[in-house]
Amino acid sequence: MKEIYLYKTPKKEDYTVSVGLAYPSTYFYGMSVLGFLSMFKELDSCEFVSAQRIFTDTKTLAFDPKHFDMLGFSCVFELDILQILKILKKYGLELSAQKRKNKPLIFAGGPVITANPEPFAEFFDFFIIGDGEGVSCEIAKVYKLNRHKNKNEILKELAKTEGIYVPSLYDVNYEDGLISGFKPQSLEVPAKVQKRKADLSECLFSPVISDKTFYNETAFIEIARGCPYECKFCTAHYHNMPCRFACLTSIKKAVKKTSRHAKKLVLIGAMISEHPDFEEICDCILKLQPKRDFQVELSSLNVKKVSQGALRLVSYNNNEISLAIESGSEALRRSFGKQLSNDDIFNTIGFYAQGGVKKITLYSMIGLPDETSGDIDEYIKLAVDLKNTFEGTAFTHIVSAFIPKPQTPYEREPRKNNAYLKTEMEKIKTLFKENDIGVKLPVLQNDAFNTLISQGDRRLGQFIKHIFTKNTPIKDIFKEYKNFMRLKNSKLKQPLIHFSKYIYRTKDNDKILPWGFID
């Protein structure tokens with residue numbers, strides 16, 4: 001295994017704060033995650049922090065994780081929590097935060113945490129809400145200045161840091177199974193937790209390049225965060241407002257630095273072609289490629305706006321692009337705020353196909369709030385028409401199931417029932433196969449559990465711990481939930497509510513949502 005560090009580690013102080021940073025998967029996957037690596041770089045570049053990376057397959061560490069001052073986790077997907085608990089158990093750490101009397105302080109951050117940390121409150125001492133840039137050294141400094149205090153006192157000091165949420169310092173009340181009150185235990189603790197926002201003038205890029213990862217010898221360069229469009233289901237927009245673009249100068253520097261060592265560069269962002277200097281970014285890369293012999297991959301492009309620079313890049317590289325069309329129905333797209341016509345889709349795909357693009361990935365969604373079976377029929381017709389119109393182009397459709405995500409306009413909407421989703425997915429699968437169109441469909445059991453976690457409150461921690469201890473397969477989770485309720489509700493002061501009320505109910509506007517304390 002070969003790792004190339006694109007930064008220098010300073011000389012460490014004699015007495016440092018030790019921080020473990022864990023990714024809830026193997027080295028093979030974790031070393032391709034830009035946010036995780038960026039936070040590690042930040043910690044490793046801090047002169048008073050000793051940082052170590054941990055993965056589910058890590059075999060040796062410099063010292064026992066029980067002796068870390070702090071142990072942090074990156075949480076990108078809802079199901080990551082099960083792997084996080086696996087890591088805690090592996091190193092003999094108590095799963096419940098209340099049972100851990102001293103160090104390490106265990107925390108988490110990432111998109112799932114920023115959306116709704118409450119289902120995980122059982123396990124963590126504190127959370128990072130919002131962008132992670134700058135916060136890791138801040139919390140390490142707070143720990144360093146207060147390490148002589150007890151755990152609760154340190155947590156009170158951490159709660160004063162912008163974007164830090166300490167769940168044990170808040171009381172939650174319930175009525176009829178729903179939240180009736182949420183308030184801090186003292187005036188020292190903010191009633192609202194302010195989400196952190198980085199300015200992103202300097203772009204993030206992979207600080208460590210490895211030859212044993214899913215994206216082998218690849219550097220990721222984030223040129224944009226957020227999306228300027230306002231689709232009602234989209235966390236990329238609502239979790240990252242305002243949309244921010246890295247400055248052109250920093251992107252050029254990142255391209256030049258990473259291309260000396262990486263065999264591939266990936267430009268990432270919710271809609272990278274919206275960058276105001278996107279064409280110049282493409283020119284910079286195209287001038288360097290013949291000299292340094294590296295490949296380039298682009299994340300999703302704007303369906304309504306063609307890019308000459310993107311066309312030249314994909315023509316020189318892999319002849320592949322990705323576009324998010326979301327639905328085949330113009331009326332449905334309008335209902336959730338995507339002003340995109342079928343003519344726009346045909347015109348844009350025609351531009352890239354005529355320019356030589358051979359593979360196009362189209363992202364879409366099933367189960368949206370206003371969707372009917374007729375909208376699915378329109379989606380299938382659009383897919384068939386595209387294939388027949390652009391015969392030299394291979395299309396792959398990636399379909400996800402709608403999950404009502406916190407902090408979006410659809411946060412109070414219900415998920416459609418599995419009977420509807422199964423019927424429409426089977427229709428898509430059958431007709432796509434008949435027309436030889438590639439398609440990847442969602443796993444409904446996973447998505448239903450993800451919805452439960454997305455919408456749930458802190459009482460769900462008991463159930464998460466239960467299914468982890470029993471090693472319950474995802475397909476059996478809801479059967480186990482019913483068993484768990486029968487066993488537990490007679491003993492609990494605040495009974496668990498049936499999973500269907502989390503997933504299939506419309507949340508009234510006057511009801512407190514679990515994540516309502518996040519500003």
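Trainee: Where does A198 lie?

Mentor: A198 lies in the loop between β9 (178–184) and β10; strands (E, at least two residues) and helices (H or I, at least four) are DSSP runs, numbered from the N terminus. The model is predicted, so local features need pLDDT of at least 70 and side-chain atom pairs count only at pLDDT 80 or more, while totals for chains, interfaces and linings use all residues. Residues are numbered from 1 along each chain as its sequence is written, and side-chain values use heavy atoms, with hydrogens and water left out.

Trainee: Why is A198 called buried?

Mentor: The relative accessible area of A198 is 12%, and buried means under 20%, with exposed over 50% and partly exposed in between (1.4 Å probe, protein chains only), so A198 counts as buried. Leaving aside its neighbours within four places in sequence, A198 is in contact (heavy atoms within 4.5 Å) with D131, E133 and R244. A198 and R225 are 27 residues apart in sequence, and their C-alpha atoms are 9.9 Å apart in space.

Trainee: What makes β10 an edge strand?

Mentor: β10 (204–205) pairs on one side only, as does the other edge strand, β16 (295–298). They belong to an open sheet of four strands in the order β10-β12-β15-β16, with mixed pairing.

Trainee: Which helix lies across β10, β12 and β15?

Mentor: Helix α8 lies across these strands, β15 being residues 264–268, and runs at about 175 degrees to β12. Such angles run from 0 to 180 degrees between N-to-C directions, and axes are lines fitted to C-alpha atoms, for helices over the stretch in contact.

Trainee: Why are α8 and α9 called roughly parallel to each other?

Mentor: The axes of α8 (residues 248–258) and α9 (residues 278–292) come within 10 Å and cross at roughly 15 degrees. Angles under 35 degrees count as roughly parallel, over 145 as roughly antiparallel, 65 to 115 as roughly perpendicular and the rest as oblique, and α8 and α9 are therefore roughly parallel.

Trainee: Which residues of α8 and α9 meet?

Mentor: On the α8 side they are L248, I251, K252, V255 and K256, which meet E280, I281, C284, I285, L288 and R292 in α9. These contact residues divide into seven nonpolar, no polar and four charged, where Ala, Val, Leu, Ile, Met, Phe, Trp, Tyr, Cys and Pro count as nonpolar, Asp, Glu, Lys and Arg as charged, and the others, Gly among them, as polar.

Trainee: What is the strand order of the open sheet with parallel pairing?

Mentor: That sheet has four strands in the order β17-β18-β19-β20, and its edge strands, β17 (320–326) and β20 (438–440), each pair on one side only. Neighbouring strands here are turned by 20 degrees against each other on average, direction ignored.

Trainee: How many bridges join β17 to β18?

Mentor: Six bridges join these parallel strands; I321 stands opposite I360, and E326 has S364 as its bridge partner. Eight bridges join β18 to β19, again parallel, with K359 opposite A394, and three join β19 (residues 394–401) to β20, also parallel, with H397 opposite V439.

Trainee: What makes β17 largely enclosed by the rest of the structure?

Mentor: Six of its seven residues are buried, so β17 is largely enclosed, while β18 is mostly covered, with six of its eight residues buried. Helix α13 (residues 373–389) lies across β17, β18 (359–366) and β19, running at about 160 degrees to β19.

Trainee: How do you know that I84 is buried?

Mentor: I84, found in helix α3 (residues 80–90), has a relative accessible area of 0%, so it is buried. Leaving aside its neighbours within four places in sequence, I84 is in contact with P24, F73, C75 and F124. The buried residues of α3, which are D80, I81, L82, I84, L85, I87 and L88, pack against β2 (17–22), β3 (49–54), β4 (70–74), β5 (105–109) and α16 (460–470).

Terms used
Two strands pair if DSSP finds at least two bridges between them.
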